[in-house]
Amino acid sequence: MSFIFSTHPLHPAATAMLEAAGDLRVASAPDPETLLREGRGAGIVIVRAPIPPAFFEDAPALRAAIRHGAGLDMVPMEAATRAGVLVANVPAVNASTVAEHVLLVTLALLRRFRQMDRDLRRNGWAAGRAQSDAAVDLGGRTMGIVGMGNVGKAIFKIAKFGFGLEVVATSRSPESMPEGARFLAIDELVATADVLVLCCPLTPETTGLLNARRIGGMKPGAILVNVSRGPVVDDAALIEALRDGRIGGAALDVFATQPLPLDHPYFGFANVIVTPHLAGLTEESMMRMGTGAAAEALRVIKGDLPVNLRNPEVTDHYRRRFPA
């Protein structure tokens, strides 16, 4: 078996699992050129950074690309399938972690935490306390959730049963609505929500989903929380709405360009919370994602297919490449 290659360091528990099974190597940097150079000859790649399609060309030893997490947008599925490489992911393991982050930043925006903390530190007790004049409760509001997968369902559970919010949602599969969530088409949902949460996967259909027209249809004072992917939002339209004071604020964890440049306009708004793509990252979730990815790698090493195989149509090609 050739070596196991990871784009990033893994949780110690996952590292121990993989090192016990073979030669584990970690990329010195996650840029495409480094991944192509250092990953040449790998048998399995653990994916925490976008993998270039060329990674799958002339890769006779490569058996599987295993996503450290759920989102498959970092894996060029067509290139992997064409090459006869298995693609797997680790769904659901960080859904509760992302949901906690969504409620954290939602409360911080509604209670004006950034502005309060800034004024308290700069100008004293009374100045910080004055921010409460414009703060509002979360209770009694309507949350709109775009995407009712594992993350959407985890957010719904906390919002509905923890805070008593009315929850409206949209999804590719209306039958996936949990009891207590009301299905709305996207345009009606955007116009209804006091808190609009994006947690859908990035697909051709969701790219640019929150465009200028839909941002223009949001309630005055509504807030946006994006934990999906950056390209789901039209950045120029959102920046314009924030500059004009047409919405209440935004909490953004993902961006079309990552890392987000420090001179980006988003950093200039007091009512925007910027986080560096960490909504799903805690010590516990990193352990769950890492050990989940490692377990899938061990299955492939043993000759089995992954439990969460995402391109099952590749199986025959894969078996021809690696006969049992």
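The buried residues of helix 10 (residues 235-243) are covered by several elements, including helix 9 (212-216), strand 10 (223-226), strand 11 (249-252) and strand 12 (272-274). The buried residues in question are Ala237, Leu238, Ile239, Ala241 and Leu242. Here buried means under 20% relative accessible area, exposed means over 50%, and partly exposed lies in between, with a 1.4 Å probe and protein chains only. Helices (H or I, at least four residues) and strands (E, at least two) are DSSP runs, numbered from the N terminus. An α-helix has 3.6 residues a turn, so residues three or four places apart point the same way. At the N-terminal end, helix 10 is capped by aspartate 234, which has a side-chain oxygen 3.1 Å from the backbone nitrogen of alanine 236. Such a polar contact is a pair of N or O atoms within 3.5 Å; within protein, one must be able to donate a hydrogen and the other to accept it, and residues adjacent in sequence count only if both atoms are side-chain atoms. Glycine 245, with a positive phi near 70 degrees, follows helix 10.

The model is predicted, so local features need pLDDT of at least 70 and side-chain atom pairs count only at pLDDT 80 or more, whereas totals for chains, interfaces and linings use all residues. Residues are numbered from 1 along each chain as its sequence is written, and side-chain values use heavy atoms, with hydrogens and water left out.

The protein contains twelve helices and twelve strands. Its C-alpha trace spans about 70 × 45 × 35 Å along the principal axes. Of the 324 residues, 48% are buried. Among contacts (heavy atoms within 4.5 Å) with a separation of 6 or more, 61% are between residues 24 or more positions apart.

Two strands pair if DSSP finds at least two bridges between them. Strand 1 (residues 4-6) pairs with strand 3 (residues 44-47) in the parallel sense over three bridges, and phenylalanine 5 stands opposite valine 45 of strand 3. Strand 3 also pairs in the parallel sense with strand 4, over four bridges; there, valine 45 is opposite alanine 65. Strand 4 (residues 64-67) is joined in turn to strand 5 (residues 86-88) by three bridges, again in the parallel sense, with valine 87 as the bridge partner of alanine 65 in strand 5.

In a regular strand the side chains alternate between the two faces of the sheet. In strand 3, Ile44 and Ile46 lie on one side and Val45 and Val47 on the other, and all are buried. In strand 4, Ala64 and Ile66 point one way and Ala65 and Arg67 the other, and these too are all buried. Strand 4, helix 3 (residues 77-82) and strand 5 form a right-handed β-α-β unit. A crossover is right-handed if, with the strands pointing away from the viewer, the path from the first strand over the helix to the second runs clockwise.

Three individual residues were also examined. Threonine 170, in strand 7 (residues 166-170), counts as buried because its relative accessibility is 11%. Its side chain reaches the backbone oxygen of leucine 184 at 3.1 Å. Beyond four places in sequence, threonine 170 is in contact with residues including Ile145, Met148, Phe183 and Leu189. Glutamine 115 belongs to helix 5 (residues 113-123) and is buried at 7% relative accessibility. Leaving aside residues up to four places away in sequence, glutamine 115 touches Gln131, Ala270 and Asn271. Glycine 128, in helix 6 (residues 125-130), is buried, with a relative accessible area of 4%. With residues up to four places away again not counted, glycine 128 touches Met116, Asp119 and Leu120.

A search of the whole structure finds zero disulfides, a disulfide being a pair of cysteine sulfur atoms within 2.5 Å. Cysteine 199 is in no disulfide, and the nearest cysteine sulfur, that of cysteine 200, is 6.9 Å away. Cysteine 200 is likewise in no disulfide. Cysteine 199 is buried at 12% relative accessibility, and cysteine 200 is buried at 7%.
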